[in-house]
Amino acid sequence: MLINYLKIAFRALARQKGYSAINIIGLALGISVCALITLYVTDELSYDRSYPNADRIYRVDGDVKFQGQAFSMAISPAPMVPTLKTEFPEIEDAMRFRMSGVWNFTVGNKTFREERVVYSDPSFFNIFSVQTSLGNGVQALTQPFSMVITEDLAKKYFGDENPIGKSLKGDNDKMYTVGAVMKRLPSNSHIRFNVLISMESNPDSKSTEWSSNNYNSYFLLKKGVDPASVDARFPGVMRKYFAPALERDMHISYDKFLKDGNHFRYFLFPITSIHLYSGNKLAEISPNGSIQYVLVFAGVAAFVLLIACVNFMNLSTARAANRAKEVGIRKTLGSQRSQLIAQFMAESSMMVFCALILALCIVEAVLPTFNDLAGKELSRDLLLTPQFLGMTAGLFALVSFIAGAYPALVLSGFQPVKVLKGDKSSGSKNKTLRSTLVVVQFTASVALVIGTLVIFTQLQYIQHKNLGFNREQVLLVDDPSTLSDGSALRFKQEVARLSGVKSVTISDFLPTGGDRNNSILFTGNEQVSASVQQWRIDADYIPTLGMDIVQGRSFNASFASDSTAVIINEAAAKKFYGAENPLGKQVKTPNDEQKGVYTIIGVVRDFHYESLRENIQPLVMYYGTKFGDAAIRFNASEASSVLAQVESTWKRLAPGKPFEYKFMDDSFREIYKSEQRIGAILGVFTALAIAIACLGLFGLAAFTAEQRTKEIGIRKVLGASVASIIALLSKDFLKLVGIAIVLATPLAYWGMGKWLQDFAYRVELSWWVFASAGAVAVVIAFMTVAGQAWRAAQANPVQSLRSE
């Protein structure tokens, strides 16, 4: 019987090749989108779960509120780990990372630039169970000036030689010995380092200062320990250790500090939640994802799959009239309804199976492109894992049932007496349901269009907003401090003389986003204190970056007094002195390297030195040399020439050392890479969702046209034009799209309003966004329906009326 069902199903599909192709392609697109999103969501949810003790590993995070400023951070003081490891018996092990930024390592006569370098305690290998291929990681990180590198770096530095015991020269001219080689860390982890340097090599790792936060701290709790019980003990720790530091530096009691509404709270944050729930805390090790995006994509996957299934149902029922006499004859000859349902379910299952195979081929083909788009490293091997194969089998069963059950019930429900008399109206009973499903399809599609437009508009706003500095025509050369014999200043001087170069500055602090993590407490007018970013800049910094001095002056290399002077931004001026003129007034800090008092000589207009997600915070800039990247402002017409000259100068002063550069506007765009990726992915899936929804609309139009064939014939005989018939058949569908627009608008307004709240500086949700999305939906729907309506209007009325 089953073989017979399959034979009949195959013949039915072969007879209607066009209909079968549309159905299979629509389903295949829906399933492939669902599969790709499922891979993406699965990867996002898997972050940091591959570590054997992941359920017991926690990071110490903090929430700070002080003098009206509030922020969250992923760092804690240096003594946090050694102190709590001793005093808290609930802690099985603990370790710290100290971010170290970009390093240049020299091996022989070759220099390599590495961006993922960190100081680490040896317990890293015990807590995270990271495997080494050579050497002992714990022992390596116990020794000063010892390091652990990845297998990839070992290959890059030493080729096929054994790297253990080999030495590399660091930026500080010290030699570091390779003590172990570790396997590559998982790509789905927030910990992504290529080089671990022993914490013993870090000069401030023994600090007992509780008011300075610079370390990412991790605890491995003992089995059965409730993290809430550890959190409950942090207030006591703060009173015991932080309160004395507060009284020493700020001359304020801890009780008054709390009474004034301030707080400094630490708590345990599970590592399995960091990627999706930590957000953008200060000093995150790597950029995080967002559970909101995961939920959005999961919803998109569900909607697209639902749209594809609805299309299948609409197309099947639209062609039901062609099968009506077949059903009537089968029932007359004794077929039971259950047998007919089984027959039609077999046809649906065969079609779903073909769509599933096509979908897997699509996923296989586009996965590399999807990886590039999403910034992922999803492997084709994932398609062969038991989990994915199980999901595929479940998807086949689910889609076969959802897409096939409704048409099977409709088709098997035809009354033989009616259909053999030529009455084909039985299927129209479910017109309301089909119309409702089309409304759902287009509601989702319009909402996706609105979301895509809002993301695009926000990104355009970011790209064109006045940031308070000029990022155009600025070339950034990575870390000239690596030049030998103190040639960084010479490099600056020689580049400044090049044709086409306007000015040059060298600084560790450029307004291209990222965590500065260089905040200290400053006290301004009397008792007004705040946690303030401190940057050290040279006299060419402000003019090179095109910033505006609104009061006072910039630094001048000829003025010896500028060594004890500062320039502050408008936010700091307002924080410390309100409406008063800050020039000539002083700010002081108890815990910077000079422990001095500084005189304000200028106020720079507020500029965005962090993401537009954040408000502009107070900033204090000292005068002095702090080597970092070189920023070179050049004439736009001489970009190529300037780049060639700068590279030539670099190679002459630093032969054998890599010349790496980027442009400031490109560096700025990197800050919003995640939003750009989300927008691109959403745009692609939105286009597919609309395309699939149009197939559903096409199916409903085909069904309606087929049901109204005789009516159209009569109208044509009575003189109706083609245009009037197209309008007649289109208006009902456009009403459905109109309803969808009305439903989608408030949903999208609410959802995108929530998304925009992540940005301190954002666009308004303008009416034109919703109007544009509605117009797109109407135009596409009309074109889809009009094609089917035109075909019906062009039909010869004689053919439809000859049986009357």
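The largest nonpolar core in this predicted model has 109 residues. Within that core, Phe370, Phe442, Trp535, Tyr541 and Met621 have the most contacts.

**Helix α6**

- Helix α6 spans residues 151-158, and Leu153, Ala154, Tyr157 and Phe158 are buried in it.
- Viewed down the axis of α6, the buried residues fall within an arc of 105 degrees, so they line one face of the helix.
- In general, an α-helix has 3.6 residues a turn, so residues three or four places apart point the same way.
- Asp152 and Lys155, on the other side of α6, are exposed.
- Gly159 follows α6 and has a positive phi, near 65 degrees.

**Helix pair α17 and α20**

- Helix α17 covers residues 488-496 and helix α20 covers residues 639-653.
- The axes of α17 and α20 come within 10 Å and cross at roughly 150 degrees.
- Angles over 145 degrees count as roughly antiparallel, and therefore α17 is roughly antiparallel to α20.
- The crossing of α17 and α20 is right-handed.
- On the α17 side, the residues in contact are Arg490, Phe491, Glu494 and Val495.
- On the α20 side, they meet Val646, Thr649, Trp650, Arg652 and Leu653.

Key: Residues numbered from 1 in each chain as written. Predicted model: local features only at pLDDT ≥ 70, side-chain atom pairs only at ≥ 80, totals over all residues. Heavy atoms only, no water. Core = buried A, V, L, I, M, F, W, Y, C linked by side-chain atoms within 4.5 Å. Buried < 20%, exposed > 50% of the residue type's maximum accessible area, 1.4 Å probe, protein only. Helix = DSSP H or I, 4+ residues; strand = E, 2+ residues; numbered from the N terminus. Arc of directions from axis to C-beta. Axes fitted to C-alpha atoms, helices over the stretch in contact; angles between N-to-C directions. Parallel < 35°, antiparallel > 145°, perpendicular 65-115°, else oblique. Left-handed = near helix turned anticlockwise from the far one by under 90°. Contact = heavy atoms within 4.5 Å.
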